[in-house]
Structure formats: structure tokens, C-alpha cells
Amino acid sequence: MAQKQLLYIDGWLVPKLTKYEVAYNRLWADDSGRDMAGNNKATLIGIYPKLQIEVGSFTKSEMSEFLKRANKAELSVTWYDAEGMKKRENISYYINDFTISLKGNGNYKPFSFNLIPNKKRVL
């Protein structure tokens, strides 16, 4: 898969993307549900786009650059959003737990991680 400029973490272009998915997660208020007539009524608090990412085998230097960013409480993430056909700039995210594994040649095996927004999406 050719590298596309889809994802930057703290200004660093994430290399070797093999999977790039956006989950448009919705958060509903606790007053949401169906009334006695069976009609749905709900209050949407916001949409929180989670980025589901897989990357190919990283070199030692690529892994070092990734970990410098990933091991922080808050990340500035720029990502491609097909809904607006534009990049969403500098949105605050964090990375969930992830596991890396060393290959025999000193590089790292492909791995996956999720970028989870700290705040709801603003249109």
C-alpha cells in the first residue's frame, strides 16, 4: 500500500499505514431511549471520531519517533476526514494501550492502535 498523507501525530507523518478506519462514535445523554408510544427520543452529546490504525513493520528509528509521541497523555492529531473532504487539524487525542514486538532482524512487527478523541468533534 502506497503511503498516503492521512495521519500526523504531533506533526510526524505516520509511515507504513496498512489500515486507516474512522469510527464515528456517538455519545448519547442518559435521557435517551423510547417513550411509551415506542418513539425514540434522544439527546446527542457529540460525535467522537476514533481512528483505528494498523501500521507495517517499523524500523528502530520509526519506532523511536512513534513512541516519543505515543507515550504522552495528549497528542495533537491531524487526520483525513472523508465527510468534509479535508484534514481535521490539531485535534486533541490519546492512544489506547498497544503492544509492540521485536523481529529477529532488529525491526518491529506490524501493530495496531486506536486514537481516541478527548473532546467531541466540532463541525
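Colleague: Which residue's side chain does Lys 72 join in a polar contact of 2.4 Å?

Modeller: Heads-up, this is a predicted model: local features need pLDDT of at least 70, side-chain atom pairs count only at pLDDT 80 or more, and totals for chains, interfaces and linings use all residues. Numbering runs from 1 along each chain as its sequence is written, and side-chain values use heavy atoms, with hydrogens and water left out. A polar contact here is an N or O pair within 3.5 Å, one able to donate a hydrogen and the other to accept it, and sequence neighbours count only if both atoms are side-chain atoms. For Lys 72, the partner at 2.4 Å is Asp 10.

Colleague: Is Lys 72 buried or exposed, or in between?

Modeller: Buried means under 20% relative accessible area and exposed over 50% (1.4 Å probe, protein chains only). Lys 72 comes out at 38%, so the call is partly exposed.

Colleague: How are the rings of Phe 58 and Phe 111 arranged?

Modeller: A search of the whole structure turns up 8 aromatic pairs, counting Phe, Tyr and Trp (six-membered) rings with centres within 6.5 Å; planes under 30 degrees apart are stacked, over 60 edge-to-face, the rest tilted. Phe 58 and Phe 111 have ring centres 5.4 Å apart and planes at 85 degrees, so they sit edge-to-face.

Colleague: What is the angle between the ring planes of Phe 66 and Phe 98?

Modeller: Phe 66 is buried at 1%, while Phe 98 is partly exposed at 22%. Their ring centres lie 5.3 Å apart, and the pair is edge-to-face because the planes meet at 70 degrees.
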